[in-house]
Amino acid sequence: MSLATKLGRALPRFQPIAKRVAQPTQSLNELRSQIWKLRSEYWLRKVTEYPSVVDAAKVEAKQLWTQKLTQPWNLTYREVAEGAVCGLQIFGAFCIGEIIGRGNIIGYAVGPDYSAEHH
């Protein structure tokens, strides 16, 4: 019993893949070529669909501005909480970027002679 067959029996989700591995219909080079073609198609589709994503974001931003932010008294607690969570995520990403940029968690590493030379 091959490893692919054992995997197919242990994990039913992988059973169709295990059958194809046990009885291949194409060489590995053909399979590699097909994978690269599909990857190329995927990324080309992803890049060419980007303008529609931007257009959808513009519509959502307009709705947010006209329906929510110009009338803040109509916001629900859930919407305020979601906004706060998004704000915290953005702040956290900013802080991580600062730490990476400084190369230090707290302050800048200036060395021991900095205070003696400048004061």
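Where does Met1 lie relative to helix 1? Met1 lies in the segment before helix 1, helices being DSSP runs of H or I with at least four residues, numbered from the N terminus. The model is predicted, so local features need pLDDT of at least 70 and side-chain atom pairs count only at pLDDT 80 or more, while totals for chains, interfaces and linings use all residues. Residues are numbered from 1 along each chain as its sequence is written, and side-chain values use heavy atoms, with hydrogens and water left out.

View A. Once neighbours within four places in sequence are set aside, Met1 is in contact with Lys6 and Arg9, where contact means heavy atoms within 4.5 Å. Ala22 is 21 residues from Met1 in sequence, and the C-alpha to C-alpha distance of this pair is 9.7 Å.

**View B. Nonpolar surface patch with Leu7, Leu11, Phe14, Ile17 and Val21.** These five residues make a patch of about 410 Å². Patches are made of residues with over 30% relative accessible area and no salt bridge; like charges are joined within 9 Å, and nonpolar side chains (Val, Leu, Ile, Met, Phe, Trp, Tyr) within 5 Å. Accessible areas come from the Shrake-Rupley method with a 1.4 Å probe, and for residues only the protein chains shown count as cover. Leu7 is placed in helix 1 (residues 3-10) and counts as partly exposed because its relative accessibility is 40%.

**View C. The largest pocket, with a volume of about 250 Å³.** Its lining consists of Ile17, Arg20, Val21, Gln23, Pro24, Thr25, Gln26, Ser27, Leu28 and Leu31. Helix 2 (15-22) and helix 3 (28-48) each supply at least two of the lining residues. The largest share, three residues, comes from helix 2. Ile17 and Val21 are among the lining residues and also belong to the nonpolar patch. On a 1 Å grid over the protein atoms alone, a pocket is an open set of points where a 1.4 Å probe fits, with protein on both sides within 12 Å along at least five of seven lines; lining residues have an atom within 4 Å of a point. Grid points are joined across faces, edges and corners, and the volume is the space filled by probe spheres set on the points.

**View D. Salt bridge between Glu41 and Arg45 in helix 3.** The N to O distance is 2.6 Å. A salt bridge is a side-chain nitrogen of Lys or Arg within 4 Å of a carboxyl oxygen of Asp or Glu, and the structure holds four. Glu41 and Arg45 are four residues apart, about one turn of the helix. Glu41 is partly exposed at 36% relative accessible area, as is Arg45 at 49%.

**View E. Salt bridges Glu82 to Arg78 and Arg102 to Glu98.** Glu82 and Arg78 meet at 3.1 Å, N to O, whereas the closest N and O atoms of Arg102 and Glu98 are 3.8 Å apart. Glu82 and Arg78 lie four residues apart in helix 5 (residues 77-102); Arg102 and Glu98 also lie four residues apart in helix 5. Arg78 counts as exposed at 64% relative accessibility, while Glu82 is partly exposed at 41%. Arg102 is partly exposed at 23%, and Glu98 is partly exposed at 31%.

Note on methods
Buried < 20%, exposed > 50% of the residue type's maximum accessible area, 1.4 Å probe, protein only.
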